[in-house]
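Hi,

Here is the structure I said I would pass on.

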Amino acid sequence: MKSEIETVSELKKSLLKAYDDEKQEIVLDILSQLSKVTATEDLLKKSGIGMTVGKLRNDKNPDISKLAKSVVHKWKKNVTEAAASAKRKPETPKVPAEPHKIKTPQPDQKLPSPVVSESKPKIDQTEPKKAHSPANSTSRNFASDNVKLNSTGDKVRDKCTEMLYNSLCVDNNTDSNKLLKKAVEIELEEYKKQNGVTPAYKAEIRSFFLNLKDSKNPNLRYSVINGTTSAADFVKMSPEDMASEERKRQDSLIRKDNLFKAQGAGPQEAETDMFRCGKCGSRKCRYYQMQTRSADEPMTTFVTCTNCNNRWKFC
Ligand SMILES: [Zn+2]
């Protein structure tokens, strides 16, 4: 018995050969065989078939491109459904941190923290989000709450505590003293972590502010407010850990999308003279762009020198 991966890999070989030989009928035939395959992320990754079929979506023959599109559409659905059902089973935690073929180093990449999702039901009970009108919560801030902050003697630090307060008070009616205490704690932990008011301190406070006030990320905010995540733990979290469920969902969509994108030489690479090869100085290059990380990060550009085959990439 051949494994599914072997079968698919053989189909891929025949598909590439038929494509090179311009035997369009055979290409169509193989595509329709592939359309009966139920794809898994593993199968797509190991066989590379997603990329092969992905490329054919741009084929000049409308029958081929149409069929390739429908196959990709079906496989994406397969992968999404598998991920969704895996999520329903708690005993098989789905870990999306698979190795990319081309990857920018991400020293901080950790598994998504379970804290946020697991604490959700608890939080929903303690912080009934819909128990107040949105008008209340949106207008609320450090000034309107009449908060009295004990100054640290450093204006920047006080301002940062104020920012943190403004991010914590979004969409909830928590007592202002409690929020202030949290804001002060987080500021102090960050101050200790960075050994002073450094550029890193300012950058991280800004990142905390954006993540905490994110309307799509209420769980992070509530877990900090109710102490599920301590201030000390919070300042150690990576942006990936803080990412909202919405962001995580988008990121995983991009990862799935990349399964269908060409990574090697192929019709999707464009010729250009925009770049200059650092090795041989030639301006004849091919390039393609890909979203390698998350939705809000810039595309990575992969360049190949057509003269000496030198490859490089940049964001
Ligand atoms: Zn070169």
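**What I found**

Among contacts in the protein (heavy atoms within 4.5 Å) between residues at least 6 apart in sequence, 61% join residues at least 24 apart. Before you go further: this is a predicted model, where local features need pLDDT of at least 70 and side-chain atom pairs count only at pLDDT 80 or more, while totals for chains, interfaces and linings use all residues. Residues are numbered from 1 along each chain as its sequence is written, and side-chain values use heavy atoms, with hydrogens and water left out.

The protein has 15 helices and four strands; these are DSSP runs numbered from the N terminus, with helices being H or I of at least four residues and strands E of at least two. Of its 315 residues, 40% count as buried. Buried here means under 20% relative accessible area, exposed means over 50%, and partly exposed is in between, with a 1.4 Å probe and protein chains only.

**The zinc site**

Which atoms hold the zinc ion? The SG atoms of Cys277, Cys280, Cys305 and Cys308 coordinate it, at 2.3 to 2.4 Å. Donors are N, O and S atoms within 2.8 Å of the metal (3.2 Å for Na, K and Ca), and water is not among the atoms, so sites may look incomplete. The angles between the four donor atoms run from 105 to 114 degrees, so the arrangement is tetrahedral. That label requires all angles of four donors to lie between 85 and 135 degrees; four count as square planar and six as octahedral if opposite donors are over 155 degrees apart and all others between 65 and 115, and anything else is irregular. For reference, ideal angles at a metal are 109.5 degrees for four tetrahedral donors.

Along the chain, the donor residues follow the spacing C-x2-C-x24-C-x2-C. Cys277 sits in the loop between β1 (270-272) and β2 (285-290), and Cys305 in strand β3 (residues 300-305), so this pair ties together parts that are 28 residues apart in sequence. Cys277 is buried at 1% relative accessibility, and Cys305 is buried at 0%.

**The strands around it**

β3 is mostly covered, with six of its six residues buried. Thr300, Phe302 and Thr304 point one way from the strand, and Thr301, Val303 and Cys305 the other way.

Strands count as paired if DSSP finds at least two bridges between them. β2 and β3 pair in the antiparallel sense over six bridges, with Cys285 opposite Cys305. β3 also runs antiparallel to β4 (residues 311-314), joined by four bridges, and Phe302 stands opposite Lys313 there. Five residues lie between the strands in the hairpin of β3 and β4, and Asn309 in that hairpin takes a positive phi near 70 degrees.

**The helices**

Helix α11 (residues 199-213) has 15 residues and reaches 21 Å from its first C-alpha to its last, close to the 21 Å expected at 1.5 Å a residue; the expected span is 1.5 Å times one less than the number of residues. Its buried residues are Tyr201, Ile205, Phe208, Phe209, Asn211 and Leu212. What covers them includes α9 (155-168), α10, α12 (218-225), α13 (231-234) and α14 (239-242).

Lys182 is in α10 (residues 176-194) and counts as buried at 14% relative accessibility. Leaving out residues up to four places away in sequence, Lys182 touches Leu168, Val224, Ile225 and Gly227. Ser223 is in α12 and is buried at 1%. The C-alpha atoms of Ser223 and Phe234, 11 residues apart along the chain, are separated by 9.5 Å.

In α2 (residues 24-34), Val27, Leu28, Ile30, Leu31 and Leu34 are buried. They cover an arc of only 165 degrees around the axis, which puts them on the same side of α2; the arc is that of the directions from the helix axis to the C-beta atoms.

**Two loop residues**

Glu22, in the loop between α1 (4-20) and α2, has a positive phi of about 60 degrees although it is not a glycine. Glu22 is exposed, at 66%. Asn146, in the loop between α8 (134-139) and α9, has a positive phi of about 55 degrees and is not a glycine either. Asn146 counts as exposed, at 58%.

Cheers
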